[in-house]
Amino acid sequence: MNINYRRSKQNDNETINELFIEMIKTINRRMIDDGIEPCTELENGYEDGYLDTFYIDDNRVIFVADNGEKVIGYLSTVIHDNYLYLDDYCVTEKLRGYGIGSSLIKLSEEFAKENPFWADFAKFGDAIEDG
């Protein structure tokens, strides 16, 4: 399978929203299985216009993985002061386990290295590696 990793474009928004809904439904199923009330208000997707903010605000970036036909995973990030916040993150369920999510995180690490907040991101990365 040939997978491309890149920054998102506005024409990716529909598929990113579909992946968000998939992620929320997965989380809600697990919550129900654990006897916790699910968060159903998010099952309709992002609020109108929310994803557009990633194309007008330099402090917001979405990284995507696509298979040449459509987006199959994404990671949204937000720059805060001196760190990169990893926000929403989803790989379509049928393609999980192939390292796509890990590659998206590596792409965000490369992005962080190019920016002054890298030191704090490196601390976050060390915490992940240490378990």
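Contact here means that heavy atoms lie within 4.5 Å. By this criterion, residues 24 or more positions apart account for 56% of the contacts in the chain that have a separation of 6 or more. The model under discussion is predicted, and the chain comprises three helices and four strands, which follow one another from the N terminus in the order β-α-β-β-β-α-α. Of the 131 residues in the chain, 40% are buried, while the chain exposes about 8,200 Å², of which carbon and sulfur atoms supply 46%.

The average pLDDT of the chain is 87, and 88% of the residues score at least 70. Over residues 122–131, however, the pLDDT is below 50, and this stretch has one contact in the model beyond near neighbours in sequence.

A search of the whole structure returned four salt bridges. In one of them, described by a distance of 3.6 Å from N to O, the side chain of Glu22 meets that of Arg96.

Because Arg29 lies in helix 1 and Glu93 in the loop between strand 4 and helix 2, the pair ties together parts that are 64 residues apart in sequence. Arg29 is partly exposed, with a relative accessible area of 43%, and Glu93 counts as partly exposed at 43% relative accessibility.

Salt bridges that share partners also join Arg6, Asp12 and Asp66 into one network. Within this group, the side chains of Arg6 and Asp12 meet at 2.7 Å, N to O. The two residues fall on opposite sides of the cut-off for burial, which is set at under 20% relative accessible area: Arg6, at 21% relative accessibility, counts as partly exposed, whereas Asp12, at 7%, counts as buried.

Note on methods. Residues are numbered from 1 along each chain as its sequence is written. This is a predicted model: local features need pLDDT of at least 70, side-chain atom pairs count only at pLDDT 80 or more; totals for chains, interfaces and linings use all residues. Side-chain values use heavy atoms; hydrogens and water are left out. Helices (H or I, at least four residues) and strands (E, at least two) are DSSP runs, numbered from the N terminus. Buried means under 20% relative accessible area, exposed over 50%, partly exposed in between (1.4 Å probe, protein chains only). Accessible areas come from the Shrake-Rupley method with a 1.4 Å probe; for residues, only the protein chains shown count as cover. pLDDT is the predictor's confidence in each residue, from 0 to 100.
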